Amino acid sequence: MAEHDHDHDEGSNLSEMELRVRALETILVEKGYIETAALDRIVELYETKIGPHIGAQVIARAWSDPGFRQALLDDASKAVATIAQQVGRVGEHLIAVENTLQLHNMIVCTLCSCYPTDVLGLPPAWYKSFAYRSRVVKEPRAVLADFGVTLPAETEVRVWDSTAETRYLVVPVRPAGTEEWSEAQLATLITRDSMIGTGLPKNPSEVA
Amino acid sequence: MDGVHDMGGMDGFGKVEPEPNEPVFHHRWEGRVLAMSRAIGVFRAWTIDTSRHAIELMSPAFYLSRPYYEKWFVRNQNLLIERGLIDADEVEAGRALRPAKNLPRGPFSLDDIDKVTKRGSFYRPAQGPAKFKIGDRVRTKNIHPSTHTRLPRYARGHVGIVERLHGTHAFPDSVAAGRGDDPQWLYTVRFEAQELWGSEAEPKLKVSIEAFEPYLEHV
């Protein structure tokens with residue numbers, strides 16, 4: 001968020017949290033533990049460089065290239081590293097799970113907020129919410145309804161609770177009618193939520 | 001510990017409310033807290049397991065009522081004081097009052113940015129062969145340690161199938177307790193919904209957890 005977008009935090013009316021956080025940052029910088037410019041850079045990276053567009057490129061490649069799809073399902077960390085120049089850097093323990101017409105995957109961290117940050121950026125607030133964390137392992141179809149998603153009754157739902165350092169990425173089903181689409185076009189269909197499992201890819205008619 | 005953070009299966013938290021066009025940070029200070037947390041992670045003042053446990057140790061009322069990044073901030077500030085890297089009177093004063101302590105990995109600078117943007121590895125050398133293999137039926141132990149664990153309450157004492165084997169990883173229960181990595185085999189264990197939630201469970205549902213070997217026993 002740019003400075004001018006949050007005037008309510010600025011001026012003489014700084015929020016209590018803003019003041020407390022500034023104080024701690026001042027202490028850490030004065031002691032030489034961290035550089036302000038390095039913190040600026042981290043914020044900038046998460047605001048502009050590390051986000052769901054990375055995952056969308058990975059999925060679009062998997063949809064277009066059967067060899068890459070198999071490599072992604074076999075070892076997602078390794079497969080994504082092979083296209084790392086295009087998509088940024090991905091660490092260990094990434095696992096891709098593929099949706100089919102019979103199976104729908106969803107990811108959660110019931111204990112905290114573990115999320116495939118390398119490929120999706122920072123998690124949205126709802127992913128960290130008590131409602132999502134408590135409910136999705138017990139009533140995922142009801143949670144999907146909160147997102148406006150209804151699955152066929154015969155589709156099996158699989159929820160992956162990220163209780164260790166493994167991180168899951170959902171490979172959504174490629175929409176019909178996109179056989180001639182390029183990778184770049186396909187990437188425009190792939191939403192963040194479709195890679196978490198709370199959404200589906202966009203309908204091709206929405207972006208064509 | 002059987003804390004309020006362990007939320008899987010609880011009722012009463014209402015609907016999930018996605019925010020259209022949600023910003024990465026809702027306030028400037030949230031970004032600063034995230035950045036400080038990442039920087040501290042790189043200089044290894046404490047481990048990720050310690051940082052998770054520190055949040056679990058917050059009172060349930062605080063945990064449930066305060067914003068996500070405020071909990072991170074309080075965690076950072078408290079652990080920095082506890083580790084002697086800053087002092088409480090400096091927090092009061094809002095500025096440094098004495099020189100820095102030496103950090104295990106040195107200070108965090110622009111040169112360290114790459115370490116923030118790529119996750120490290122939690123693989124550790126195996127201490128012995130894996131006890132279970134893919135396809136085995138296993139039961140999660142009915143354990144209730146008062147310390148940090150990554151076996152959620154809803155998945156304790158239940159029978160599932162070993163679906164994946166992830167190699168040996170640092171064991172959070174040990175790391176958070178200050179007892180070192182104690183590497184353990186890590187498995188994906190899959191449960192039928194009825195096994196976890198009873199006969200009224202949603203049909204056609206399976207749930208899996210990532211289970212360290214000490215959480216599991218043969219059926």
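**Reading the model, feature by feature**

Student: How many other C-beta atoms lie within 10 Å of B:Lys204?

Tutor: B:Lys204 has 18 of them, and is partly exposed. The scale is simple: 20 or more other C-beta atoms within 10 Å of a residue's own is buried, 12 or fewer is exposed, and in between is partly exposed, with C-beta atoms placed from the backbone. This is a predicted model, in which local features need pLDDT of at least 70, side-chain atom pairs count only at pLDDT 80 or more, and totals for chains, interfaces and linings use all residues. Residues are numbered from 1 along each chain as its sequence is written, while chains are lettered from A and ligands numbered from 1 in written order.

Student: Where does B:Lys204 lie?

Tutor: In the loop between helix H8 (193-197) and S4 of chain B. Helices (H or I, at least four residues) and strands (E, at least two) are DSSP runs, numbered from the N terminus. B:Lys204 also has a positive phi of about 55 degrees, although it is not a glycine.

Student: Which loop holds A:His93, and is A:His93 buried or exposed?

Tutor: The loop joins helix H6 (84-87) to strand S1 (94-98) of chain A. A:His93 is buried, with 25 other C-beta atoms within 10 Å. Its phi is positive too, about 75 degrees, and A:His93 is not a glycine.

Student: What is the order of strands in the open sheet?

Tutor: Strands pair if DSSP finds at least two bridges between them. Here seven strands run S2(A)-S3(A)-S4(B)-S3(B)-S2(B)-S1(B)-S5(B), with mixed pairing. Strand S2 (103-108) of chain A and strand S5 (216-218) of chain B each have a single partner strand, so one side of each has no neighbour in the sheet. From one strand to the next, the twist averages 35 degrees.

Student: In which sense do S3(A) and S4(B) pair?

Tutor: Parallel, over five bridges, with S4(B) covering residues 205-212. A:Val157 stands opposite B:Leu205 there. Strand S3 (residues 184-192) of chain B runs antiparallel to S4(B), joined by seven bridges. B:Val189 stands opposite B:Ile209.

Student: How many residues of chain A are in contact with chain B?

Tutor: Contact means that C-beta atoms, placed from the backbone, lie within 7 Å. By that test, 71 residues of chain A touch 71 residues of chain B. H1(A) gives the largest share of the chain A side, 11 residues. That side divides into 34 nonpolar, 14 polar and 23 charged residues. Ala, Val, Leu, Ile, Met, Phe, Trp, Tyr, Cys and Pro count as nonpolar, Asp, Glu, Lys and Arg as charged, and the others, Gly among them, as polar.

Student: At what angle do H1 and H4 of chain B pack?

Tutor: Two packed helices are described by the angle between their axes and the distance between the axes. Axes are lines fitted to C-alpha atoms, for helices over the stretch in contact, with angles from 0 to 180 degrees between N-to-C directions. Helix H1 (residues 28-42) and helix H4 (residues 68-82) of chain B pack at about 45 degrees, axes 9 Å apart. That makes H1(B) oblique to H4(B). Under 35 degrees is roughly parallel, over 145 roughly antiparallel, 65 to 115 roughly perpendicular, and the rest oblique.

Student: Which residues of H4(B) meet H1(B)?

Tutor: B:Tyr69, B:Trp72, B:Phe73 and B:Asn76. Facing them from H1(B) are B:Glu30, B:Val33, B:Leu34, B:Met36, B:Ser37 and B:Ile40. By class, this contact has seven nonpolar, two polar and one charged residues.

Terms used: Contact = placed C-beta atoms within 7 Å.
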